[in-house]
Amino acid sequence: MAGDYPDIDITPLIDHALLNPTATPEQVKQWCAEADRFNFAAVCIYPIHVKQAAELLHGKQPQVCTVIGFPSGATTSTVKLYEAQEAVENGATELDVVINLGWLKTGKTSEIHREIADICQETGKTVKVILETSLLTDGEKKLAAEISMDAGAAFIKTSTGWYGGATVADVTLLKTVVKDTIGIKASGGIRTIQQAFDLIMAGATRLGTSRSVDLLHQRDTLGKGE
């Protein structure tokens, strides 16, 4: 089985996620320490924890990522922009913004574009737009990806993890739209190293998961042929 895995170091692709509503400062400290130890791309935490994470990771490699409009995407554009700006003031360097799904379903594409573009322009940070693919048709996924690219997003992200997770089919579909123009973050339900590698091979350039350390243990165990 180990021979089936590509020779890819997944650690710099991982956003180490702690998005449990009951997360404590002690857990944030643990997640930041793990991100630093393993050189993950980022920790992904709620806005309330950004200031703590920024202090813990100051001068270190992992980025501080937080979620905006999470998990529904149904807050107003003004609130999302304020939330994003406050997060940046507190030390966030990456913003995972949930798209307004109701607008997408009713064809309000200009409103979606404006909301994303405003956050990109006003913060100047890496913005990943969460599409929530499990709730969308293939046509809606493609449209959302196109809007996100045009609005200045650095990544599109498959899911919040609240309504379903990342699939190879969705990553493959999104890759046909964005090609190599922007990144693709696969997130939600990534529990095995096989899933991680399959998503990367399909085109994912980031992986959002709370099971980051376990994935590395799985990789190392399989690499030893155990």
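Ser212 is buried, with a relative accessible area of 0%. This residue is found in helix α9, which covers residues 212-223. The model is predicted. Beyond its neighbours up to four places away in sequence, Ser212 touches Ile14, His16 and Phe40.

**Aromatic rings**

- A pair of aromatic rings is described by the distance of the centres and the angle of the planes.
- The count for this model comes to three aromatic pairs.
- One of them joins Tyr46 and Phe70, with ring centres 5.8 Å apart and planes at 80°. Planes over 60 degrees apart count as edge-to-face, so this pair is edge-to-face.
- The Tyr46 and Phe70 pair links distant parts of the chain, 24 residues apart. Tyr46 sits in the loop between β2 (42-45) and α2 (50-56). Phe70 sits in the loop between β3 (63-68) and α3 (77-89).
- Tyr46 is buried, at a relative accessible area of 16%. Phe70 is buried too, at 15%.
- Phe70 also pairs with Trp162. Their ring centres are 6.2 Å apart and their planes stand at 85°, so this pair is edge-to-face.
- The Phe70 and Trp162 pair links distant parts of the chain, 92 residues apart. Phe70 is in the loop between β3 and α3, and Trp162 is in the loop between β6 (155-157) and α7 (168-178).
- Trp162 is partly exposed, with a relative accessible area of 45%.
- Tyr46, Phe70 and Trp162 form one aromatic cluster.
- Elsewhere, a charge meets a ring: Lys128 lies over the face of Phe155, at 5.9 Å from the ring centre.

**Helices α5 and α6**

- Helix α5 spans residues 109-123, and helix α6 spans residues 138-151.
- The two helices pack at an angle of about 40°, with their axes 8 Å apart. That angle makes α5 oblique to α6.
- The crossing of α5 and α6 is right-handed.
- On the α5 side, Thr109, Ile112, His113, Ile116, Ala117 and Cys120 make the contact. On the α6 side, the partners are Leu143, Ile147, Ser148, Asp150 and Ala151.

**Helices α7 and α8**

- Helix α8 spans residues 193-202. Helices α7 and α8 pack at an angle of about 20°, and their axes are 8 Å apart.
- Angles under 35 degrees count as roughly parallel, so α7 and α8 are roughly parallel to each other.
- Helix α7 crosses α8 in a right-handed sense.
- Val168, Val171, Thr172 and Lys175 of α7 make the contact. They meet Asp198, Leu199 and Ala202 of α8.

**Lys141 in α6**

- Lys141 is found in helix α6.
- Is Lys141 buried or exposed? Lys141 is buried, because its relative accessible area is 7% and buried means under 20%.
- Lys141 touches Leu131, Thr133, Leu136, Asp170, Leu173 and Leu174, not counting residues up to four places away in sequence.

- Ala166 is found in the loop between β6 and α7. This residue is buried, with a relative accessible area of 15%.
- Which residues does Ala166 contact, leaving aside its neighbours within four places in sequence? They are Thr158, Ser159, Ala186, Ser187, Gly188 and Leu199.
- Ala166 and Gly124 are 42 residues apart along the chain, and their C-alpha atoms are separated by 27 Å.

- Ile190 lies in the loop between β7 (183-187) and α8. This residue is buried, with a relative accessible area of 3%.
- Ile190 touches Gln195, Ala196, Leu199, Leu207, Gly208, Thr209, Arg211 and Leu215, not counting residues up to four places away in sequence.
- Ile190 and Pro12 are 178 residues apart along the chain, and their C-alpha atoms are separated by 16 Å.

Conventions. Residues are numbered from 1 along each chain as its sequence is written. This is a predicted model: local features need pLDDT of at least 70, side-chain atom pairs count only at pLDDT 80 or more; totals for chains, interfaces and linings use all residues. Side-chain values use heavy atoms; hydrogens and water are left out. Rings of Phe, Tyr and Trp (its six-membered ring) pair if their centres lie within 6.5 Å; planes under 30 degrees apart count as stacked, over 60 as edge-to-face and the rest as tilted. Helices (H or I, at least four residues) and strands (E, at least two) are DSSP runs, numbered from the N terminus. Buried means under 20% relative accessible area, exposed over 50%, partly exposed in between (1.4 Å probe, protein chains only). A charge sits over a ring if NZ of Lys or CZ of Arg is within 6 Å of the ring centre and within 35 degrees of the ring normal. Contact means heavy atoms within 4.5 Å. Axes are lines fitted to C-alpha atoms, for helices over the stretch in contact, and angles run from 0 to 180 degrees between N-to-C directions. Angles under 35 degrees count as roughly parallel, over 145 as roughly antiparallel, 65 to 115 as roughly perpendicular and the rest as oblique. A crossing is left-handed if the near helix is turned anticlockwise from the far one by less than a right angle, and right-handed if clockwise.
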